[in-house]
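Reader: Can you take me through the model you have open? I would like to start with the cavities.

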Amino acid sequence: MYFRQFIRSLYTNSANGFIKKPRHATRSPFPDEVSHYLFRARLIDSIRLSLRSASPTPLISVVNTPNLDSFVVANAIRSAPSTESALSLVEMLEQVPHFLHSQNTLNALAKVLARGRRVAELKSLINDIEEGRFMNVHVSYMNQMQWFAAAGDLESVLRVRDAYRGSSDHVCTESFNIIMDMYADRGMDSKAVQTFQKMIDDGAVPNCRTYSIMINHLVSRGKLDEAVEVFSVLPLMRIKRTLRQYSVLVDGFVNAERFNTVTDILAEMRTDGLLPGRDMLVSLKQMQDAGFSEIDELIREMIPDDRIKNVEYSVDGSDEDESEKEEADAHIERVTDGHDENLVKLKPWLDPRALASALRRWGPAEITALEKAKFIWTTRLVCKMLRNFKSAETAWSFFCWVASQQEFTHDIYTVQRMIAILARHGHAELVEELLLKTESEGIKLPSSTVKLIIEFYGISKNADAALRVFRDIKRFCSPISQFNMMILYASLLRTLTKCGRGPDSLNILEEMILCGINPDIQTYAGLMHYFAHEGDLRTVQRLFSMVRQSGLEPDAFMLKVLVTAYCKCERAALAWRAFEDIKSFGILPDTDTKKLLVKSLWKEGMRIEAAAVEETCEEVNDILPRSLGGHIWTVSSADLTKIHAIYCSCVPKDESTD
């Protein structure tokens with residue numbers, strides 16, 4: 001069947017059904033949302049089984065139920081064993097008059113077509129959506145880029161990117177990530193490096209996925225030391241290091257039989273408080289076979305719970321901050337389809353996000369349904385549940401309830417997840433209660449968790465709670481390195497400024513320096529930006545003098561902060577002086593900052609100085625950046641320059657990155 005006609009027939013049937021049979025509000029047939037979730041899970045399992053079995057229950061009898069909805073269909077499509085079986089399910093839905101396709105079901109279908117490299121059919125589906133053949137369904141440029149990237153169609157990705165850029169002044173970081181990843185995967189190394197540089201030049205801020213792509217690219221080219229060097233810079237830029245990055249590095253160094261480096265990487269992973277992923281297990285067992293007994297405990301943590309037999313869970317979503325899908329320990333005692341040995345036996349379907357949503361109205365009915373379901377609770381599943389609760393109160397209720405369940409005990413991973421949630425929502429009393437509990441239980445938190453607590457208190461404007469946690473840090477944490485203390489001090493300073501506690505931030509800065517912990521350039525730039533915004537130019541000048549005296553070299557982003565601050569306060573003379581001071585380091589502004597400086601100098605009658613700025617910048621006008629890649633408190637332009645230089649090492653010498 002020609003796919004375009006097939007999709008149109010779906011639209012026609014759905015539209016006709018919609019017109020003839022308008023929906024009316026009806027009472028839910030389920031006593032609570034957990035029961036509704038469990039019904040959906042069983043129905044998804046029945047469809048999955050029917051699509052896989054040699055002699056399945058007729059699919060139409062499974063899907064032709066009044067309670068079939070877009071949630072069930074979307075997840076069944078994603079779980080289909082092949083593109084053909086997914087399409088057969090979609091075709092079967094034509095015979096279900098009450099079913100209407102939604103954004104979720106068509107997104108799921110597009111993803112399946114993309115994974116199956118069915119580019120022509122994918123384009124046909126996108127065209128039909130754009131032409132309005134489905135009600136209340138739209139497709140964004142980012143949707144298209146992601147789908148064509150999954151299908152391996154670089155030409156279409158670039159075409160959509162160009163259309164995206166033509167329709168918007170700002171192009172998001174992920175659009176660059178997609179193209180950079182595709183170039184790296186195809187061995188187009190110089191193009192990948194150029195894309196990273198263009199991301200910075202266009203003012204997009206690289207994120208953790210950007211660096212995951214970069215690290216994977218370097219490892220795939222055998223540049224292991226360079227990959228570790230990029231990985232080591234990330235904490236300086238306050239970029240979260242992800243499980244994906246750790247997995248790629250561990251796999252690369254194990255294959256290179258550099259086991260000592262792997263143990264160092266694993267130690268860093270524990271410091272970051274990350275629960276190991278299952279994809280590391282094969283690599284670590286290679287180390288264990290080579291005699292590295294130090295990782296025995298870690299491997300035991302990663303082995304599936306022995307209470308769980310042949311069980312996994314499926315979820316279309318991201319774990320942590322990237323599109324990573326990994327197996328997890330989860331089990332619900334339900335049979336997919338009887339005991340016939342000729343039938344395919346599937347591992348039950350489970351979505352922690354949907355289950356957490358079903359528990360949002362935490363109450364006796366939900367608790368009873370949850371207990372009857374007899375889930376086996378493990379650290380990994382509990383962490384995923386906590387992550388997906390929208391309400392801190394519900395997360396706390398679940399956290400307390402699950403602690404009473406048989407054979408489950410909270411550990412460092414679940415505790416630190418709960419503490420971060422409470423801090424994010426400003427529940428300082430509960431955070432302190434849980435911290436005292438961890439101390440009494442002898443649980444030591446990683447410094448990364450304390451950093452999160454302090455930063456979240458900045459969001460909830462609770463500076464006093466942040467100071468209390470910081471003062472008691474030695475009670476709750478394992479020994480903290482000098483570097484991590486610097487990061488913690490920087491987080492505290494940022495929180496204090498967010499809470500409007502400028503004088504306290506200066507006192508903490510002085511304490512930090514007296515303790516022998518030197519602030520980095522991002523910390524100084526953040527403080528200067530804050531006091532400039534407050535109109536306290538004297539403190540800005542004092543901070544800049546401290547930068548010079550400490551031996552740190554100002555970067556281009558600090559110049560931008562200074563010049564912008566002085567110009568907004570109509571102090572062009574000070575902006576000119578800052579420009580001259582930093583010029584001695586060979587640093588020049590981006591084009592926007594130069595224009596602002598020249599305009600301010602002209603406005604205040606400093607025409608000679610304005611001409612001097614123009615003349616200085618004209619000498620390097622061809623290489624003057626349009627924008628700088630730095631960011632207040634987090635990323636310095638110097639660090640980005642360093643990372644770009646490292647990344648260039650993956651480009652063969654006979655290729656150009658100009």
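Reader: Which residues line the second largest cavity?
Author: Arg238, Glu455, Ile487, Ala490, Ser491, Arg494 and Trp633 line the second largest cavity. A cavity is a set of points on a 1 Å grid over the protein atoms alone where a 1.4 Å probe fits but cannot get out, and lining residues have an atom within 4 Å of a point. This is a predicted model, where local features need pLDDT of at least 70, side-chain atom pairs count only at pLDDT 80 or more, and totals for chains, interfaces and linings use all residues. Residues are numbered from 1 along each chain as its sequence is written, and side-chain values use heavy atoms, with hydrogens and water left out.

Reader: Which helix gives the largest share of that lining?
Author: Helix α27 (residues 482–498), with 4 residues. Helices are DSSP runs of H or I, at least four residues, numbered from the N terminus.

Reader: What volume does the second largest cavity have?
Author: About 60 Å³, where a volume is the space filled by probe spheres set on the points, joined across faces, edges and corners.

Reader: Switching to packing. What is the angle between α14 and α16?
Author: Helix α14 (residues 243–255) and helix α16 (residues 281–289) pack at about 35 degrees, with axes 9 Å apart. Axes are lines fitted to C-alpha atoms over the stretch in contact, and angles run from 0 to 180 degrees between N-to-C directions.

Reader: Which residues meet there?
Author: Val250, Asp251, Val254 and Asn255 in α14 meet Ser283, Leu284, Gln286 and Met287 in α16, contact being heavy atoms within 4.5 Å.

Reader: And how many helices and strands in the chain?
Author: The protein chain has 35 helices and 0 strands.

Conventions. On a 1 Å grid over the protein atoms alone, a cavity is a set of points where a 1.4 Å probe fits but cannot get out, and a pocket is an open set with protein on both sides within 12 Å along at least five of seven lines; lining residues have an atom within 4 Å of a point. Helices (H or I, at least four residues) and strands (E, at least two) are DSSP runs, numbered from the N terminus.
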